[in-house]
Amino acid sequence: MTHEHLHAFESIDRLSTVELRPGNLPRGHVPHLYAAARGDGEPLAYRIAFALSALEQARVAIFTGVVIPPFLPLAEIDGPIGSIVLARALTLLGHDVDLVVESCEVEAMTQLTALAGVDGIAVVDGDGYAAGSAADVAIAVEKISASASGVRHSVLGTRIDALDPATDGYFTDLLARGALTIGIGDAGNEIGFGALQEDVERILGEAATCRCGCATGIVAATATSFALPAAISNLGAYGLAAALALVHERQELCASTDLVATLIEAASDAGFLDGGTLDPDFHGDDGVPLETIVAFVHILDAIVAQALRDVAARPF
Ligand SMILES: [Zn+2]
């Protein structure tokens, strides 16, 4: 495959995998997870955006939300914000989007999603969703996966029991039916990484060990058609929105800096926590300050703008 903007998709992938985490989270894995997921192929953002662009008026289900009482009683910033940005872009492309969240998050996510200013995004309760719906495409953004033993774990290996048990099966069933499924994650324990389980185990090494004694570790067992590793899952989702903007040559599909800043501020006010600091007064994502997140979003927007810009030929 070739594409006139291939260099720009490459830049999107590179920017989405720049690590800035603080020292209380694992570091140094993302570039290797990315390399394993990409293999010898074209940039991942390019491949995934093209797969999505082949769809016409599809029903897309985006799953997000991490709840870990008592530390993350409502939601983590990472996942929901990128999901709204991605849902907005897919809606502008004519798709119907179900934003599928944990039961306790429905009300807050409905209010946040309204800030995106588009019609066509339905925020729905994950409880019971899997039984009653079959989307054409499913996307997971920072959605914790079951491991080989069926247990979900935090990135540091603690057991998580609070999440909807049906989510993994939903992705597995869709994948088995040949549907397009996408998993965006940043640690190896999220839905999608099951497609490269052995690579993730090798890359994480000791960090793959869990603290709950289930013996199989934190590595995700649930696979998707595409796994997209990013430095922060939301950043991967912003990158994918930028890739859709490039494929369709529609700049407005990118996340704007205003939208992302507004969403993160509003989410923080609603009780969503930064997963890096767990500090309600820290506004940012995975321990990275909001001003830095906004800078990433600005550069993603600029990558698309520069690629699509008409410029006069240089005369020399
Ligand atoms: Zn365990």
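Phe171 has a relative accessible area of 0% and is therefore buried, a term that denotes under 20% relative accessible area, with exposed meaning over 50% and partly exposed the range in between (1.4 Å probe, protein chains only). The model is predicted: local features need pLDDT of at least 70, side-chain atom pairs count only at pLDDT 80 or more, and totals for chains, interfaces and linings use all residues. Residues are numbered from 1 along each chain as its sequence is written, and side-chain values use heavy atoms, leaving out hydrogens and water.

Across the whole structure, a search finds seven aromatic pairs. Rings of Phe, Tyr and Trp (its six-membered ring) pair if their centres lie within 6.5 Å; planes under 30 degrees apart count as stacked, over 60 as edge-to-face and the rest as tilted. One of these pairs joins Phe63 to Phe171 in an edge-to-face arrangement, with 5.2 Å from centre to centre and 65 degrees between the planes. This pair links distant parts of the chain, 108 residues apart: Phe63 belongs to strand S1 (residues 59–64) and Phe171 to helix H7 (residues 167–176). Helices (H or I, at least four residues) and strands (E, at least two) are DSSP runs, numbered from the N terminus. Phe63 counts as buried because its relative accessibility is 4%.

A tilted pair is formed by Tyr129 and Tyr170, at 5.7 Å centre to centre and 55 degrees between the planes. Tyr129 lies in helix H6 (residues 129–132) and Tyr170 in helix H7, so this pair ties together parts 41 residues apart in sequence. Tyr129 is buried at 9% relative accessible area, and Tyr170 is buried at 6%.

Phe63, Tyr129, Tyr170 and Phe171 form one aromatic cluster.
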